[in-house]
Amino acid sequence: MISLIETNQIILLLLGVGLFISTMEYMKKIQIFSPTGLLSWNVMQIRWEKSSPDSFLKPLFNLFNEKGLAIIFGLRCLIIFALLFFPLETTYGWILVGLLGLSLLASSMITFYGSDGSDQMNMLIIITLFLCHFPLAQGSYLATLGLWFIGLQTCLSYTVAGIAKLASAEWRASTAIKDVFSTRTYGSRWAAVFLKKHPAVNVFLCWNVMIMETLFPLCLILPFNYALVFIIWGFLFHLLTAVIMGLNSFFWSFIATYPALFYINHQIQWHLF
Amino acid sequence: MFTINTIYESAVTLIFGIWFLLTILCQFRDTRMSAFIRNTIDIFGLIPLWTFFAPNPGKSDYHLLYRDKIDEQTNGEWLEVDITEERSFWSWCWNPEKRDKKILSDVIQNLVSSIPYYKSANGYDLLMFSMPYLIVLHAVSHCDCKRPSTQRQFMLAETSGYLQETSPAVILLSVFHQI
């Protein structure tokens, strides 16, 4: 069985790859934070001034322009690179993860619009790793707790998505995937045309997603050979959504949680049998 | 006996417990509690909403258009802010364009959902003071001007993408704004 330290390190590595790509994408689109951009701080600051005019976070606001955010994103890339040389278990590794978390929290203040579930999963993992690897804490309790938290949040994410789809008339009518694939935002022309020609495939895909997402937490308790069905399904699901829908960051942030699922499954099996 | 290690472990356990509980509560997005947690407590967006593409699967492309007033009787042509462009072959691994699209999609969804809260005796005038409205207005007011105009109007519209199974529809037509 894979060790606790290795599991956490693999999670960090997979997360790092996705976070690096996602940060470079923000760098490419840095003009959205310019004074004339969609997320200009001239407008976005209204949200903060309304809720907390004398916030202790105010000094940070000076960074929310093209230049400041380019520095934050650049430093984030350097931290990710440095984490290749400083494992999570070391004090330097822990400090780097903390800095990575801070950079994510800072940028989340201006990316209120435009961030997605993968950004939230990234933040959740980084904060968990930071809290659970405090250098002065002894024993393996916190590292194990962190993996359970990441694993349970992952299962919750799939189940909530599955139940919400089951509650939707459009998903039950098996038109949802064709409709999503027909958009330019999340779809592809060839996929939309293919699903229009083959409605049975659309029915299969819609119900496959609804059932597998809803039942996903079973991967924690089933014997590993059966749990592997859910893990492989999840891998293919995220791969296909990256290829067809362009949701590349979801692939990395959710696959990063799979070592935690693997660890929990083995721990449960070990206690049961 | 309590040691620092025990206290720290208990504190982290409590944090994760509360975080997980709040995440479950916030999945019911239309409840008052969910709105309170999201708008008041969760300033960094740490409480995820996991209902991806459900219950509304998101079957529209959104478009942002604007036009200028030439004189009292004439308006210029509608011009589109180039956001909903087709994805490239490499978008499975490198897709920076998704950010603009997601921002516009979030802003429009937020705008549409806030319309009922901004209804007053004068209609929907107060909507102009809402955050999503200001974001869109700010973005279009900085788009290139082909003629020296001081007044600009914007339109949010939706289309059904490649299959064109439904007709394009207007979501919101603004008044003319001084720019």
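Leu22(B) counts as partly exposed, because it has 17 C-beta neighbours inside 10 Å. A buried residue would need 20 or more, and an exposed one 12 or fewer. This is a predicted model.

**Around Leu22(B)**
- Leu22(B) sits in helix H1 of chain B.
- Leaving aside residues up to four places away in sequence, Leu22(B) touches Ile37(B) and Ile47(B).
- Ser34(B) lies 12 residues from Leu22(B) along the chain, and 8.5 Å separates their C-alpha atoms.

**Where chain B meets chain A**
- Chain A brings 62 residues to the contact, and chain B brings 54 residues.
- On the chain B side, the elements giving two or more residues are helix H1 (4-25), helix H3 (98-114) and helix H4 (131-141).
- H1(B) gives the most to this side, with 10 residues.
- The chain B side divides into 27 nonpolar, 16 polar and 11 charged residues.

**Strands that pair with S3(B)**
- Strand S1 (residues 61-68) of chain B pairs with strand S3 (residues 151-159) of chain B over eight bridges, in the antiparallel sense.
- Within this pairing, Arg67(B) has Gln153(B) as its bridge partner in S3(B).
- S3(B) also runs antiparallel to strand S4 (residues 169-173) of chain B, and four bridges join them.
- Here Met155(B) has Leu173(B) of S4(B) as its bridge partner.
- Strand S5 (residues 177-178) of chain B pairs with S3(B) over two bridges, again antiparallel.
- Gln151(B) has Gln178(B) of S5(B) as its bridge partner.

Terms used. Residues numbered from 1 in each chain as written. Chains lettered and ligands numbered in written order. Predicted model: local features only at pLDDT ≥ 70, side-chain atom pairs only at ≥ 80, totals over all residues. Contact = placed C-beta atoms within 7 Å. Nonpolar A, V, L, I, M, F, W, Y, C, P; charged D, E, K, R; others polar. Pairing = 2+ DSSP bridges.
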